[in-house]
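Here is a short report for a first look. Start with the sequence and the model below.

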Amino acid sequence: MKKLILLLSLSTLSVGAYAEDFLYILSARAKLLSAPSFNAAVVRDVTKGEKLVSLEKTQRWFRVSYKGKEGWISRLAVSPHPPMKRKSRLASADVDLKDSSRRRASAIASTAAVRGLREDGRARLSDDSIADYGMLARMENVNISDNEVHRFSQTK
Amino acid sequence: MKKTLFTTSALLLMLHTSATVFAEDEDFRKRSHHHASDLVTESDIQTEIKFGRDVAARILGKYPLSLDSDLTRYVNLVGKSIAQQAGRPELVFRFAVLEADFVNAYSAPGGYVFISKGAIKKMQDESELAAALAHEVAHITQRHIVKEFKIKGKDDSSTSGLTKLIGGSQDAARVAFNQAVDSAMKVLFERGYKHEDEINADQEAILLLAASSYDPTALQRYLERIHKSSKTSSHKTHPPSTKRVNAVATLLREEGLDKVKYTTAKERFTTSVKGKL
């Protein structure tokens, strides 16, 4: 009979374990708080990629457990999916980077042609059709490390 | 007795097995549902960045980029402090100042954020700069333009918006891609975001400010000042400020954030922008 009870207990526990929902930290750093409020005391800090067990959900907060401690975390900081690796600009920039000059988006003319726009329509379209990939490259070449950002945010 | 025990155990084992399968199915269904509505693939991200680059290049074709490296660096540090909390670690967020006197800020998918010098001139401290940038970051993290124009990567679906078009190399694909970029430009410079997207971006911005330990009332203060001041406001592409300010005030009150004492970083802001606007 004892075996029966043990088996039944194990069975129940096992089902419970399968029903757990997990959350992953997506923010670089986040705080596990004692209540669903930014004013609440900090239970502990958590960092990107760490896996939490979701216990309860409200509109803007999750109640979670992590390494034996329970607390609340903003929904902005978590996702049911693990964080993806950072994407390189070069992986998606391809041919655009070869053209570092200010140019008119050549496809605009064909777009206008396909739409059958008259000249006045094309003129209006062309107002927004200058694409400056040279300046975009300057914007993309500003390099600031995560550590520098962290130091900056800690010293305000 | 042994036979009875064996039978009972077998029944329990069957119950256990079926219950487990059921639980797994429930869990799988829940996750599948979540995936169906929210799953973003590597290809989706690459396409979003490519699309965003084209929009960003058009913005820079329309308004000149500030070449002040100190100001650019400062705006990037503030913006990246906010973006680190924003839940899109796969994106590199980049911030730029536009040489323009009007008051506005823009964002393109994939992590590109722009703010005019005119907008910075109206600010009184760093938390207000963080608030304006957080609002734009929120448009990106919430994929407002991406969702509206169904920007997706390659898959086998026949109903996936730009999916096959962007992956293809035919002229029609390029035209369709550029039409979507045209449409995004219209959202940014003519029509504006949907009202609910603007309100949603404000709400996300406030939470980002709080998570970054900036004064969460900064957005409210800035919007109220812009609202009061005139024709230079950004009403053309944003909902009326009264509605926005009211929604912001409601959230601050509901979350108890109107009483939080976080920094405005006024001194650093004053030092960093002095003589640069």
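## Chain A

Of the 156 residues of chain A, 38% count as buried, meaning under 20% relative accessible area with a 1.4 Å probe and protein chains only; over 50% is exposed, and partly exposed lies in between. This is a predicted model: local features need pLDDT of at least 70, side-chain atom pairs count only at pLDDT 80 or more, and totals for chains, interfaces and linings use all residues. Side-chain values use heavy atoms, without hydrogens and water.

## Nonpolar core

The largest nonpolar core has 60 residues. Such a core is a set of buried Ala, Val, Leu, Ile, Met, Phe, Trp, Tyr and Cys residues joined through side-chain atoms within 4.5 Å. B:V75, B:I115, B:I120 and B:L129 touch the most other members. Helix α5 (residues 126–141) of chain B gives the most to this core, eight residues; helices are DSSP runs of H or I, at least four residues, numbered from the N terminus.

## Aromatic pairs

Over all chains there are eight aromatic pairs. Rings of Phe, Tyr and Trp (its six-membered ring) pair if their centres lie within 6.5 Å; planes under 30 degrees apart are stacked, over 60 edge-to-face, the rest tilted.

A:F152 and B:Y74 have ring centres 6.2 Å apart and planes at 70 degrees, so they are edge-to-face. A:F152 lies in helix α6 of chain A and B:Y74 in helix α3 of chain B, so the pair joins two chains. A:F152 is buried at 10% relative accessible area. B:Y74 is buried too, at 6%.

How values were computed
Residues are numbered from 1 along each chain as its sequence is written. Chains are lettered from A and ligands numbered from 1 in the order in which they are written.
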